[in-house]
Each structure stands twice: as C-alpha cells, then as structure tokens.
Amino acid sequence: QVQLVESGGGLVQAGGSLRLSCAASGSIFSINAMGWYRQAPGKQRELVAEIASGGSTTYADSVKGRFTISRDNAKNTVYLQMNSLKPEDTAVYYCKGVVRALYTLRGNDYWGQGTQVTVSS
C-alpha cells in the first residue's frame with residue numbers, strides 16, 4: 001500500500017503565502033514524477049505544477065512566477081510554495097505521485113486526499 005498525505009492548506013488573504021507539503025509512505029520502491037493539481041467548485045481538476053525525479057519542473061501559466069514546486073527525495077515529500085495568492089487560486093489542492101510499489105514492475109498514479117486552500121479578497 002502507498003499513501004500520500006497533504007498538509008498546509010488553509011485560509012489566507014490575497015497577496016499572502018502558503019506552503020503545501022505532501023509525504024508519500026508505504027511500500028515504495030521508487031517515485032517518478034510528483035505534482036500538484038487543484039479543483040475549484042464547478043471546474044475540472046487541473047495541473048498546477050509537476051516535478052520529475054531529476055528535478056525538472058512544469059508549471060501552469062496561471063501560477064508561473066508565483067508558485068514553486070520542490071521535492072525532498074530522501075523524505076519522499078513534495079512541496080508547493082505559493083506566493084502572491086489570488087482569490088482565483090481558491091480550490092482543493094491534490095498531490096499526485098507516480099509511484100512504483102515494492103514487488104511491482106511499473107509505476108502507478110497515487111493521489112492524496114486533498115487540502116483546501118481559500119484566498120479571500
């Protein structure tokens with residue numbers, strides 16, 4: 001079993017900052033890409049940022065220059081530093097990891113339970 005657990009969400013005023021964390025645990029052989037997605041009410045889930053095992057990153061245009069994704073491979077943890085937050089960033093943020101579990105031959109997508117981020121104007 002593999003679990004991803006997010007933390008760090010909350011309520012913040014526009015212009016403020018939050019840092020999300022997501023720790024993977026369980027029967028892990030290796031982790032490839034890790035990423036953050038978000039889903040606002042009435043909208044589809046969208047990619048916010050992704051980081052490969054080697055450190056290369058991808059960002060949604062809407063968060064470039066404001067959000068930074070990073071990871072600590074020793075801790076199986078991915079972070080999302082969110083600065084200059086806007087009300088339109090309000091959503092449930094989900095962590096995803098492409099994880100190869102022990103005794104398996106390929107990686108699969110695992111998702112966290114989500115953490116609410118609310119930005120007030």
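**Notebook: salt bridges, core and surface patch**

I began with Arg38, which counts as buried because its relative accessibility is 6%; buried means under 20% relative accessible area, exposed over 50%, and partly exposed in between, with a 1.4 Å probe and protein chains only. The model is predicted: local features need pLDDT of at least 70, side-chain atom pairs count only at pLDDT 80 or more, and totals for chains, interfaces and linings use all residues. Residues are numbered from 1 along each chain as its sequence is written, and side-chain values use heavy atoms, with hydrogens and water left out.

**Entry 1: salt bridges**

I searched the whole structure for salt bridges and found five; the criterion is a side-chain nitrogen of Lys or Arg within 4 Å of a carboxyl oxygen of Asp or Glu. One of them pairs Arg38 with Glu46, with 2.7 Å between the closest N and O atoms. Glu46 counts as partly exposed because its relative accessibility is 36%.

I then looked up Asp89, which also forms a salt bridge with Arg38, at 3.0 Å from N to O. This pair links distant parts of the chain, 51 residues apart: Arg38 lies in strand 4, and Asp89 in the loop between strand 8 (77-82) and strand 9 (91-101). Strands (E, at least two residues) and helices (H or I, at least four) are DSSP runs numbered from the N terminus. Asp89 counts as buried because its relative accessibility is 1%. I noted that salt bridges with shared partners join Arg38, Glu46, Arg66 and Asp89 into one network.

I also recorded a salt bridge between Lys64 and Asp61, at 3.1 Å from N to O. Both Lys64 and Asp61 are exposed.

**Entry 2: nonpolar core**

I next examined the largest nonpolar core, which has 31 residues; Trp36, Leu80, Met82 and Tyr93 touch the most other members. Such a core is a set of buried Ala, Val, Leu, Ile, Met, Phe, Trp, Tyr and Cys residues joined through side-chain atoms within 4.5 Å. The strands that each supply at least two residues of this core include strand 1 (2-7), strand 3 (18-26) and strand 11 (115-120). Strand 9 gives the largest share, five residues.

I listed the contacts of Leu80 (heavy atoms within 4.5 Å). Beyond its neighbours within four places in sequence, Leu80 is in contact with residues including Leu18, Trp36, Val48, Phe67, Ile69 and Tyr93.

**Entry 3: surface patch**

I found that Phe29, Leu102 and Tyr103 make a nonpolar surface patch of about 400 Å². Phe29 is in strand 4 (residues 28-39).

Patches are made of residues with over 30% relative accessible area and no salt bridge, with nonpolar side chains (Val, Leu, Ile, Met, Phe, Trp, Tyr) joined within 5 Å and like charges within 9 Å. Accessible areas come from the Shrake-Rupley method with a 1.4 Å probe; for residues, only the protein chains shown count as cover.
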